[in-house]
Amino acid sequence: MAEIAISASGLAKKYRIGLRRDPYGRLTETLWNAITKPLRGSGTKDRGDDFWALRDVSFEVPRGSVVGIIGRNGAGKSTLLKILSRITEPTLGRAELHGRVGSLLEVGTGFHQELTGRENILLSGAILGMRRSEILRKFDEIVAFADIGQFLDTPVKRYSSGMKVRLGFAVAAFLEPEILFIDEVLAVGDAEFQKKCLGKMSEIGKGGRTVIFVSHSMPAIQRLCDRAILLDHGRTVVDGPTHEVVRRYLESGPGQTGSREWPDPASAPGDDVARLKSVRVLPAGGGPAEEIDIRLPIDIEVEYWTKAPGNLRPSVNLHFYNDEGVCLFINNDWNDRDWWNASRRPGLVRAVCHIPGNFLAEGRVVVTAVVSTYNPTMVHATEPEAVAFVVVDRSEGDGVRGVFTNEFPGVVRPMLGWQVAQVSDTVAPGD
Amino acid sequence: MSPSENPKTGSGSAWDGQVVVLEPRHGWRQLGLREVWAHRELLYFFIWRDLKVRYKQTAFGAAWAVLQPVLLMLVFSASLGRLPGVGPAGLPYPLFVFAGLVPWTLFASSLAGASNSLVSGEAIITKVYFPRLLLPFASVGSFLLDFVISLAALAVVMLYFGAVPSLAILWLPLLTLMALVTALGVGTFLSAVNVRYRDVKYVVPFLVQLWMFASPVVYTSTLIPAQWHVLYALNPMSGVLEGFRWALIGGPRPDDLIFVSAAASVIFLLGSLMYFRRVERTFADVI
């Protein structure tokens, strides 16, 4: 049994809703309450406007493991992190932290707009818990990582938001606590820098440090964490291996599932020409539909009912979007020329789109399914975000990224053909 | 350090080898001054930040530390100073009032700065842990530099009036500490109250003004009837101000004020630190 770094038992946090709505008390109100309290007697304490942001959360984290906390907005993730990083106290329960603690709940903690980049590195580093000597020792590395070069002595208020984020993360990246809490900090900054941070963070994880990581980004959670905890309405829903927990998370919301079916045609999306019956994500090998290895081919199967009156020719279109809402590509069943030219009969139609392995980039892919006819163009059935799945790149060396584990931008990641050969043994003249 | 935190070793960082227990705490807690001490480097950084920021965009910069008391000295000399008996006999009124304004400015600015320190530090209070006491402490600390600069101005004024201090000047650091303790006591308390009740923002300027007239800044304490002196000395600034004048300009040592004032300032500070620690755990939730 590994040494325990964090143990939490029965953690709970209660907020007074009144407090949240109107955080500033009124002195007069308090004085009035103090005067009238003896008259009202007891029992006024629990007024029923309490809100439990966190309820009975328990877990243990062995030293050196990286645990992801996921959940929808308001699930209690940030509250849990605030308790663990000692910003607020739990209302009930107890937790023990064994080791030097660092927390990174925002990028650029303690930055002051009037101070220069150089001054803010010192200040933010100190606030995050670094010693002065430590900051000075790492100073050049921090500047290099942030890539702010000539702006080092410019007040931060003149920085672009991207530069501020880079500088903020750079300071934090060089923290060396034994236990590190990280909140959604990767949700800011450009995609390129996010990947750079992810790379830096997996280094942190490999350095034997204990990390608790809150994020909405399933690819990040999957790449960094071996274990995840899913919270909902302040409670632990499931705590286990990351892929299982992520699957539970994705299944629990609308437009998050790898398989949709409309058993009752009357309520299914569509009209008399075309009405959806099902949309499914089918990875090769029949594994879980929501989390798919980047190397596997994937089938998207659409079944629809058609009454196909006259010479109308229903056609299935699929629109693929990534997590940022970027349309990766659109495809339709025009590519099956035999079907396209065949005569249509009423009944049930199944259309399958084959996506090759090593083609999509890692991350969440959301698929919108449409059945339409052309000439004139008419949409008959449409289901936005019908299915979704997550492509995972395990960086095992035979994928597109090879053995390269850092940032790997691009909305798709196709395995393209290459030919490389030595042309001559003559060295370039002049060298 | 609260009772549940148990430091084992002290090597490297403030947090090495430490088990931190997080659980609900109620009622009174220890003052946590040991934890403040362990974070003294961060305290230094906060002071440094306050100083940098304060003078960064001003045209006169640190000259304001001198200008404020000098301008007040001119105003008071031109007005109150003309009345007979406001200052002690045989002492030029400008010298008298300036020797009071220098420590008073230290106290008044520290008090105002400290009482606002938590509210203006909201962004970090809700994002990272550190002993919250550092904020009001740093605020007070940052005005020490201003004070040292204005002491130089005081030396010039003394030179001008030909006042030569005796060995009593050695008491000056202790008297300065007393002013700081008083400012910390009131400022720390008000900073904690300010988290929940922003009324403090309106109370402080008013309080400082009233307090100035309740202290021997522009008039001498000999105007107060002797039988009231013990009561008068409960205001720690009475002892500080008359002590300053005695240490720099001379005259009889204001024994009737200094010792009561010193005791009062320490009791103020202890009480307010205890209050601060009691409500500290709710700061991040209410601020």
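Trainee: In which helix of chain B does L184(B) lie?
Mentor: L184(B) belongs to helix α7 of chain B. Keep in mind that this is a predicted model.

Trainee: What makes L184(B) count as buried or exposed?
Mentor: A residue is buried if 20 or more other C-beta atoms lie within 10 Å of its own. L184(B) has 25 C-beta neighbours inside 10 Å, so L184(B) counts as buried.

Trainee: Which residues does L184(B) touch, leaving out those up to four places away in sequence?
Mentor: They are A114(B), P136(B), F137(B), V140(B) and L269(B). For these contacts, C-beta atoms must lie within 7 Å. Y232(B) is another residue to look at: L184(B) and Y232(B) are 48 residues apart in sequence, and their C-alpha atoms are 20 Å apart in space.

Trainee: How do you know whether α7(B) is roughly parallel or roughly antiparallel to α10(B)?
Mentor: Start with the angle. Helix α7 (residues 172–196) of chain B packs against helix α10 (residues 236–249) of chain B at about 160°, and their axes are 9 Å apart. Angles over 145 degrees count as roughly antiparallel, so α7(B) is roughly antiparallel to α10(B). The crossing in which α7(B) passes α10(B) is left-handed.

Trainee: Which residues of α7(B) meet α10(B)?
Mentor: From α7(B) come L172(B), L175(B), M178(B), A179(B) and T182(B). Among their partners in α10(B) are P236(B), G239(B), V240(B) and F244(B). By class, the residues of this contact of α7(B) with α10(B) are nine nonpolar, three polar and no charged.

Trainee: Why is α4(A) called oblique to α5(A)?
Mentor: The axes of α4(A) and helix α5 (residues 132–146) of chain A cross at roughly 130° and come within 10 Å. The limit for roughly perpendicular ends at 115 degrees, and roughly antiparallel needs an angle over 145. The angle falls between those limits, so α4(A) is oblique to α5(A). Their crossing is right-handed.

Trainee: What classes of residue make up the contact of α4(A) with α5(A)?
Mentor: I121(A), L122(A), G125(A) and A126(A) in α4(A) meet R132(A), I135(A), F139(A) and I142(A) in α5(A). Sorted by class, this contact of α4(A) with α5(A) has six nonpolar, one polar and one charged residues. Gly counts as polar and Arg as charged.

Trainee: How many residues does each chain give to the contact of chain A with chain B?
Mentor: Chain A gives 40 residues and chain B gives 33 residues. On the side of chain A that touches chain B, the largest share comes from β4(A), with six residues. That side of chain A divides into 19 nonpolar, ten polar and eleven charged residues.

Trainee: Where are the domains of chain A?
Mentor: The domain assignment gives domain 1 (4–30 + 47–251) and domain 2 (259–392) of chain A. Their contact takes eight residues from domain 1 of chain A and nine residues from domain 2 of chain A. On the side of domain 1 of chain A that touches domain 2 of chain A, α9(A) gives the most, with five residues.

Trainee: How many helices and strands does chain A have?
Mentor: Chain A has ten helices and 18 strands. Of the 431 residues in chain A, 40% are buried.

Methods
Residues numbered from 1 in each chain as written. Chains lettered and ligands numbered in written order. Predicted model: local features only at pLDDT ≥ 70, side-chain atom pairs only at ≥ 80, totals over all residues. Axes fitted to C-alpha atoms, helices over the stretch in contact; angles between N-to-C directions. Helix = DSSP H or I, 4+ residues; strand = E, 2+ residues; numbered from the N terminus. Parallel < 35°, antiparallel > 145°, perpendicular 65-115°, else oblique. Left-handed = near helix turned anticlockwise from the far one by under 90°. Contact = placed C-beta atoms within 7 Å. Buried ≥ 20, exposed ≤ 12 C-beta atoms within 10 Å, placed from the backbone. Domains from an automatic or database assignment.
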